[in-house]
Number of protein chains: 4
Amino acid sequence: MIALLKDKPRLHNIIADSDTPEGKAFDIAVMIAITISLLVAFVESMPAVEGRFKFILTVLEYVLTFFFTIEYALRIYSSPEPKKEALSLFCIIDLMAIMPLYLSFIPCLSSTRYFFILRVFRLIRIFRVLRLFSFINEGYLLLQSIKMSIRKIAVYFLFVIILVTILGTIMFMVEGGQEGTQFTDIGTSIYWAIVTLTTVGYGDITPVTMVGRFLSGIIMILGYTIIAVPTGIVSATMIDETKKKGVGGRCPRCRQKTDLKANYCKHCGEKL
Amino acid sequence: MIALLKDKPRLHNIIADSDTPEGKAFDIAVMIAITISLLVAFVESMPAVEGRFKFILTVLEYVLTFFFTIEYALRIYSSPEPKKEALSLFCIIDLMAIMPLYLSFIPCLSSTRYFFILRVFRLIRIFRVLRLFSFINEGYLLLQSIKMSIRKIAVYFLFVIILVTILGTIMFMVEGGQEGTQFTDIGTSIYWAIVTLTTVGYGDITPVTMVGRFLSGIIMILGYTIIAVPTGIVSATMIDETKKKGVGGRCPRCRQKTDLKANYCKHCGEKL
Amino acid sequence: MIALLKDKPRLHNIIADSDTPEGKAFDIAVMIAITISLLVAFVESMPAVEGRFKFILTVLEYVLTFFFTIEYALRIYSSPEPKKEALSLFCIIDLMAIMPLYLSFIPCLSSTRYFFILRVFRLIRIFRVLRLFSFINEGYLLLQSIKMSIRKIAVYFLFVIILVTILGTIMFMVEGGQEGTQFTDIGTSIYWAIVTLTTVGYGDITPVTMVGRFLSGIIMILGYTIIAVPTGIVSATMIDETKKKGVGGRCPRCRQKTDLKANYCKHCGEKL
Amino acid sequence: MIALLKDKPRLHNIIADSDTPEGKAFDIAVMIAITISLLVAFVESMPAVEGRFKFILTVLEYVLTFFFTIEYALRIYSSPEPKKEALSLFCIIDLMAIMPLYLSFIPCLSSTRYFFILRVFRLIRIFRVLRLFSFINEGYLLLQSIKMSIRKIAVYFLFVIILVTILGTIMFMVEGGQEGTQFTDIGTSIYWAIVTLTTVGYGDITPVTMVGRFLSGIIMILGYTIIAVPTGIVSATMIDETKKKGVGGRCPRCRQKTDLKANYCKHCGEKL
């Protein structure tokens, strides 16, 4: 164990890669720990159930926090670039996920005054689920393709905002003044327009007048066409970019599989 | 300031283009003004909140109307073709958006009799949101591609109208005569058919009889296939046309970026 | 008028084609008559409104039935192949749409005993809306492409039926025995599965137990993927077939526009 | 009859293939038996109706079970590889579907104690519907293409799980502490996120606060884009793989139609 702590490269290999049997075992252990951690958070959020299992939940949380603290420390300790590692997305999430328990030991924070804030803060543990992304190659590519098309998504978002603002306002004009209407204000009407155009259709707000239903019928059919187009465009571009980047992650020279985050091929040194 | 008023081309450049730092600053100022104007309209529509902020809302509206009036006047004044500019879509929206406040000063219009009409009329301010389209290249292309495929959309619209009329009538035949049915008349049944075929599915009108549920199950599965096809065709054509026009807006001769609304390339004079 | 009645080919040209100004005018007259006929049927289905407009609705129906009877007679009379024409889809719809009024004159049928049957029968008038298909080229192609892929749709339909039967049964196993469940029987559970898989989601039947929600969550995500594939395949094939047939309807030899229902090109005689 | 029992290859041909008129007739008989079996199970699940038709339902079930028992026995008896056949998916389903009736004869199992278990167990009969898959070529291909892309679906599944966990948690943070909220715990919030992202939108859980509606509006629009991409990718890959395998199932050498499950072309012996 102590030998391993001294052999930084090997430790880093176990923690960061999954090439070796040890690395794979470590990965699976982390995945199981994350899953249990999620289940604990789910159960804790149910007041009825939480009371019954309070003891085991508390124990599990202490154990898991201990495990993730060790893992966090080892990851930064073994990293060739500790500072860069500490500022990576997954390390920040990890730190935020283990902090709440330690913060609850500070007396002034555990008072009832900060109880609600702490409760919300502890939910950040659930964001650990994001680390599962690192276990799937396609997941990383997806995140990257989203990052690359962020401008396209922003434009699309603005387009939809304009559309739903106009449609929501028109529906508010038609249904707003009616008796017993659910279109009480423009914000609600715009919320209705979003729910309708994305075809989610909760049904918590629905038109009741003849004119309102006639109009929303037209909105649905037209909107279905108009919103399908930018969604199609954004999706098509994102798929294109994913393809260009190469889902397989193969080196263009030696055709061997490369690491996704690598800048150079680890087999022939080709720049990727 | 007065020097600027005399230099019409430069003024026009600031207002209509966003190439210069001044033009960009002006654009951002307009965007912020539109956003605030929208928020004011949203808050005003909520009776509970409006009472509390009545003063600040009134002040904001006066300031914004003043700003948009100046902007409207300058835009038309600085334009090389004032008449054409005044009849452009965005100028008409602008005029309609600033009019309500001025109209409310006319005593006979501010009477309670016309109160409701004026209230609805003032909502036109929200249509200012359409001006945001001019800030996104893709938005302009989208509007144009919609304009180009207007006939295709009309055909598709007619197709869906025929489909939902038939399906709505069939459901009315089956469910209409039942006790406690929500399919009270054919109009409502057609509204249900639209809500169902577009997969919005509010659930405000649902079949309750066995036969009705059986039939609507078939309608959903078949309709899902049949409506997916024309939607796919319309979307595919619109994406095609957008591609042909070129999203990049590059000149086919010199390959440099061109203005979207330009008829000639501003770099080499090539007709676009 | 009588001269026109004797000139069968010209009469046929006016009724069946829309090349000549007269033919176009006739088409528009028919479209207006269909639209009014639909509106009359819609209003008649609303008991509250129908009482008030009873007189005008009755008059309109008599006039429209008279118009459609004349049109029906002329179409068959002027057709080069009256028998084939009489058995065409649109003529059958037309006959069924004008029959109910004449049937109501027969004393024994207008008794209260047959009242409900007659009321349902009269709704067939609404099926006149199908004739609007003949006014749009794409509509005709669509109908044909649907007719061509009828086997594919049948297979897809069977696939969805199998899927929803299994999913509905599983949900009935999980939620069926619970207190206050909405999954009262397997038929209802399958109806729920259809509503869920097509993403319509009325919300009239929803899972309430933990296990039921967990399961239906998985069903939604998996089903979303699995049902998207056959829908995509069917749509893709139908678009392909539409393309092959040619949306433009041009002759492969002389490249001129041909009539959609023509078997030979009217410009060069090429077999289509 | 006895001659047929001795002619194993011919018997196998009738049961397993549908090339001969006898084989086709047998297939249709099985399809009808499955359909009736499903209808019996549907009606049995409705307590109100079941009482009235108890006798005929019991008779039908005995007859069908007898039929499927004979069919099951013959299929295994006539198979060239009885052991492999007995372990095939469809034979296992069949065995599970006929077992419940025989089990109900065992006295200790038919007691009220095991009544509920037996009731659930008997629903397995409905899984017979899966056998219909074997009657459609495309159905078999679909199942195989799903089997081939199982890893892709798993990755996509994990991606959606991560997404809805995060979105559900955020909504629970915002709406969870409110009075009269429907977001009672994280599990429920994640269920809401799934219902929303897949655009099913039951409406059994909806945001009521301003912030919650604002947030869920953003989730819908963004999620609509983000979830459309992986769905598109998975579907595209599955369609690709189906195409590669060849929907027609033709031999690459002699271009003649081959059996779907064949490893060698039955016309020229080419390995497929």
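## Helix packing and chain contacts

In this predicted model, helix 3 (residues 21–44) of chain C and helix 5 of chain C pack at an angle of about 145 degrees, with their axes 10 Å apart. Helices here are DSSP runs (H or I, at least four residues), numbered from the N terminus. The axes are lines fitted to C-alpha atoms over the stretch in contact, and angles run from 0 to 180 degrees between N-to-C directions. The crossing of helix 3 of chain C with helix 5 of chain C is left-handed, a term for a near helix turned anticlockwise from the far one by less than a right angle.

Contact means heavy atoms within 4.5 Å. From helix 3 of chain C, the residues that touch helix 5 of chain C include F26(C), A29(C), V30(C) and I34(C), while L57(C), L60(C), F67(C) and F68(C) are among their partners in helix 5 of chain C. By class, this contact has 13 nonpolar, one polar and three charged residues; Ala, Val, Leu, Ile, Met, Phe, Trp, Tyr, Cys and Pro count as nonpolar, Asp, Glu, Lys and Arg as charged, and the others, Gly among them, as polar.

Helix 5 (residues 54–78) of chain C also meets helix 2 (residues 8–16) of chain C, where the axes come within 9 Å and cross at roughly 130 degrees. These two helices are therefore oblique to each other; angles under 35 degrees count as roughly parallel, over 145 as roughly antiparallel, 65 to 115 as roughly perpendicular and the rest as oblique. Their crossing is left-handed. K8(C), L11(C), H12(C) and I15(C) of helix 2 of chain C meet E71(C), L74(C), R75(C), Y77(C) and S78(C) of helix 5 of chain C. That set divides into four nonpolar, two polar and three charged residues.

Now to the contacts between chains. Buried area is the accessible area (1.4 Å probe) that two parts lose on being put together, summed over both.

| Chains | Buried area | Share on carbon and sulfur atoms |
|---|---|---|
| B and A | about 3800 Å² | 80% |
| D and B | about 220 Å² | 50% |

Chain B brings 42 residues into contact with 40 residues of chain A. F157(B), Y191(B) and Y202(B) supply 17% of the area that chain B buries against chain A, more than any other three residues. Between chain D and chain B, four residues from each chain take part. Here M46(D), T199(D) and M210(D) supply 68% of the area that chain D buries against chain B, more than any other three residues.

Which count of salt bridges is found between chain B and chain A? The count is zero, with a salt bridge taken as a side-chain nitrogen of Lys or Arg within 4 Å of a carboxyl oxygen of Asp or Glu. Across the interface of chain D and chain B, the rule also finds zero salt bridges.

Residues are numbered from 1 along each chain as its sequence is written, chains are lettered from A and ligands numbered from 1 in the order in which they are written. Local features need pLDDT of at least 70, side-chain atom pairs count only at pLDDT 80 or more, totals for chains, interfaces and linings use all residues, and side-chain values use heavy atoms, with hydrogens and water left out.
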